[in-house]
Amino acid sequence: MAPPLLLLLLASGAAACPLPCICQNLSESLSTLCAHRGLLFVPPNVDRRTVELRLADNFIQALGPPDFRNMTGLVDLTLSRNAITRIGARAFGDLESLRSLHLDGNRLAELGAGSLRGPANLQHLILSGNQLGRIAPGAFDDFLGSLEDLDLSYNNLRQVPWAGIGSMPALHTLNLDHNLIDALPPGAFAQLSQLSRLDLTSNRLATLAPDPLFSRGRHAEASPAPLVLSFSGNPLHCNCELLWLRRLARPDDLETCASPPGLAGRYFWTVPEGEFSCEPPLIARHTQRLWVLEGQRATLRCRALGDPAPTMHWVGPDDRLVGNSSRARAFPNGTLEIGVTGSGDAGAYTCIATNPAGEATARVELRVLALPHGGNGSTEGGRPGPSDIAASARTAAEGEGTPESEPAVQVTEVTATSGLVSWGPGRPADPVWMFQLQYNSSEDETLIYRIVPASSHHFLLKHLVPGADYDLCLLALSPATGPSDLTATRLLGCAHFSTLPATPLCHALQAHVLGGTLTVAVGGVLVAALLVFTVALLVRGRGAGNGRLPLKLSHVQSQTNGGPSPTPKAHPPRSPPPRPQRSCSLDLGDSGGCYGYARRLGGAWARRSHSVHGGLLGAGCRGAGGSAERLEESVV
């Protein structure tokens, strides 16, 4: 009977405990404890009847559907402080009895819409201490009605699925502290009647939108769940937008104001209500009047100041609010951009800046200049109609149009890249709104337009192509007589001119060479002057040396050690060979011709060598010349 009984026990589902884990069977619940076991993945042989599974403080990196398959009785799952970076879709799909899920202290950067699908009865979800930057809008949809505790603190969240969080009627605790949230949508917590703790500490909230949730702390006896609110550590801007919160006089944390400068650093609840003020909008600058050609882009700008920052709107000429469309786009900074303008876009636009303290308006005039259409004929009443100036002006100059009644157009002061266009005042028959120049070149057939005010009769064309032929025509634009009329265009005249060729490169090189030659010449003159100055100094020094007293060396005696003084041996005079006469700068006592400086200096040293110790005794100093002779000798 033993073998059949053993098979029956095995068939009953009793599974062995995973080798690195500890299994505890308390009453009818089974706990599998696998914390601090160095696991790299979820053990595959965990008993499927486990009610509590602890896998904290391991090295698990990913979760998938096979890890918790058929564990329908699991109630508490702890995966804290692992290295989880990815949760596969429906990884918890079979955990229909799960009540508590701890995923804090991991490396999750994103939660997809299917990452948390399955646990329909989840009550506690802990996701703090991750790197979450995005949570898909439908990530919490499977347990919206049952969740009581949601912890998203210490992440990198700028936005959270507010629609899902606002639909959790059983939520008691919501921790959103230490994130990057900078705005709360109005009414985000209006439906959370059971919420008792809301932590918004250390985010980037400058203001809070009014919400009935925050008033529950004032009358605890009348509220189903008194709210404990924490929003310290935020850069609160204490102006009139937070006056509603200041009036609640809540006994919460000592939050401080970050701005405006007059209230910075002061405790929020101690600032008097009268100091929570706002500044009405002020239009700082805006476009006064803008003229564009039909079909061009028009950009209307409007900048406003105020506290809080004003909201900008535009109202069109038809008194309707201008919204974003395929042709127009209104930016939050107050810029209105019309992509392709038409005659229907012309008119007066109104820029409106609003904030809780008031509003300000500014008027912007947009004029759309219609391009010439049709032929060169005349309309009813003999008034010239819109004309289409061709790429070439030669035909107009040869007699087409009405040149006999129009002033001449001249192009003077033509260079390689510019030319001055001049024209007369014209006939005063029709008022001139502005002038329009149209020109193109032989290098490029593209027609270029230039708008010139009616008060000007000269225009300098720049950035022309060197060595090209240009055709130019001048038109006078007159204002339309009726709302539906196009701008009248009248041809004043045409001209043909050619720009000068580009300056050859050799001219520039010649200029560089000429400049270098001049520099060398000036440098040579300076060097020559310096040499002349040096030679003059040398000649002056030689002339000064000729005035020295002559140095005479005579009566040379030798020193002995106590004996009689020997009689100096007479040396026969040696007559020097005849040499060309030259000036003497130093007299060493020889009578006769003048010697060179080197030879005379050598003779002096030869006489000095006759003495044992080289002593020179002066003899027969005449007058005051002796001292001078000694001075010269010491110098030698």
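Two strands count as paired if DSSP finds at least two bridges between them. Helices (H or I, at least four residues) and strands (E, at least two) are DSSP runs, numbered from the N terminus. The model is predicted, so local features need pLDDT of at least 70 and side-chain atom pairs count only at pLDDT 80 or more, while totals for chains, interfaces and linings use all residues. Residues are numbered from 1 along each chain as its sequence is written, and side-chain values use heavy atoms, with hydrogens and water left out.

Four strands make up an open sheet in the order 18-25-24-21, with mixed pairing. Its edges are strand 18 (289–293) and strand 21 (311–315), each of which pairs on one side only. Strand 21 runs antiparallel to strand 24 (residues 347–355), and five bridges join them. Within strand 24, Thr354 stands opposite Thr311.

| Residue | Relative accessible area | State |
|---|---|---|
| Leu40 | 57% | exposed |
| Leu369 | 2% | buried |

Leu40 lies in the loop between strand 2 (29–33) and strand 3 (52–54). Leu369 belongs to strand 25 (residues 358–369). Its contacts (heavy atoms within 4.5 Å) include Val292, Leu293, Trp433 and Leu477, not counting residues up to four places away in sequence. Leu369 and Thr341 are 28 residues apart in sequence, and their C-alpha atoms are 9.5 Å apart in space.

Technical notes
Buried means under 20% relative accessible area, exposed over 50%, partly exposed in between (1.4 Å probe, protein chains only).
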